[in-house]
Amino acid sequence: MQRLKILNTHFITHNVKRFVLEKPKEFKYTPGQSAHISINLPGWEGQIRPFTFTSLQHWDHLEFIIKIYDDHKGVTSQLGKLNEGAELLLHDIFGTIQFKGPGVFIAGGTGITPFIAIFRALFHSGNLRDVALLYSNQTRDDIILLDELTKMLGPAYRNVFTEEGVIGFRERRIDRKFLIETIEDFNARFYVCGPKKFTEEICDALVSLGAKPEYLIV
Ligand SMILES: Cc1cc2nc3c(=O)[nH]c(=O)nc-3n(C[C@H](O)[C@H](O)[C@H](O)COP(=O)(O)OP(=O)(O)OC[C@H]3O[C@@H](n4cnc5c(N)ncnc54)[C@H](O)[C@@H]3O)c2cc1C
């Protein structure tokens, strides 16, 4: 277990907070990996939750981007109250989504976090090509890192909104009909990350439309 001091933290949307943390020496992780984290405060040390690194290995700090659920009265609600100087406990690192080659990335809400790390790594090495992103949120205000995603992906990035009508953006769900209209080739590789139901529904729809189960990365 490692203690990580918060160097900087601030809200980047109305309910999503960025945490910049001290990086221990010789600390190793890869884009798409997550960590089990708790808060180093009395009563909170044992409340362990998973979060995904959005920083890259060569950076001099660690970064997490975390949605704060005030109504849960759990760890993220407490994280929402933490400031610079507070400490988190990192229990272990585990693998989730890994980049396996070009494909279509489909994210819902904070499901974007492993993709942020993957896109940042590919962008940094000049290899971010043949990658498309469909990113679903309730409203425009919920988008995490809109400017950076737009800068990295350009026209390969499309927003989908389930609630709000915004001129110039699509307002709908990523469902079977949407996928038929949007995806040109179902032989592609698909990366899907979001709430459990979102991921299950999209994977089922993709497979029913001809996507190969072995080409689904979830
Ligand atoms: C592999 C992985 C990686 C992840 N990476 C990230 C990431 O990078 N960023 C990110 O933001 N999230 C990420 N998550 C999700 C994140 O782990 C959860 O949002 C977090 O665990 C929520 O913790 P919590 O203690 O605030 O709330 P919870 O543990 O969900 O809830 C605490 C308590 O609140 C109550 N509660 C639960 N649901 C509700 C509800 N709907 N309304 C009211 N009360 C409720 C229950 O009593 C519960 O015990 C990831 C999840 C996984 C599995």
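The protein splits into domain 1 (2-94) and domain 2 (103-217), with bounds that come from an automatic or database domain assignment. The model is predicted, so to speak for local features a pLDDT of at least 70 is needed, side-chain atom pairs count only at pLDDT 80 or more, and totals for chains, interfaces and linings use all residues. Residues are numbered from 1 along each chain as its sequence is written.

On to the overall build. The protein has five helices and 12 strands; these are DSSP runs numbered from the N terminus, with helices being H or I of at least four residues and strands E of at least two. Its radius of gyration comes out at 18 Å, close to the 17 Å that the globule rule gives for 218 residues, so the protein is as compact as a globular protein of that length. Here the radius is taken over C-alpha atoms, and the rule is 2.2 Å times the number of residues to the power 0.38. Along the principal axes, the C-alpha trace spans about 50 × 35 × 30 Å. Of the contacts with a separation of 6 or more, 67% are between residues 24 or more positions apart, a contact being two C-beta atoms, placed from the backbone, within 7 Å.

Across the boundary, 12 residues of domain 1 are in contact with 13 residues of domain 2. The domain 1 side of this boundary consists of six nonpolar, five polar and one charged residue (nonpolar: Ala, Val, Leu, Ile, Met, Phe, Trp, Tyr, Cys and Pro; charged: Asp, Glu, Lys and Arg; polar: the others, Gly among them).

The largest nonpolar core holds 45 residues, and I106, F115 and Y191 have the most contacts inside it. Such a core is a set of buried Ala, Val, Leu, Ile, Met, Phe, Trp, Tyr and Cys residues joined through C-beta atoms within 7 Å, where buried means 20 or more other C-beta atoms within 10 Å of the residue's own, C-beta atoms being placed from the backbone. Beyond its neighbours within four places in sequence, F115 touches F105, A107, L133, Y191 and C193.

Then there's the ligand. Its shell counts 20 residues, with R49, H72, G74, T76 and T113 coming nearest; a residue belongs if its C-beta atom, placed from the backbone, lies within 6 Å. By class, this shell has seven nonpolar, nine polar and four charged residues. At least two shell residues come from each of β4 (49-52), β5 (61-67) and α1 (75-79).

Key: Buried ≥ 20, exposed ≤ 12 C-beta atoms within 10 Å, placed from the backbone.
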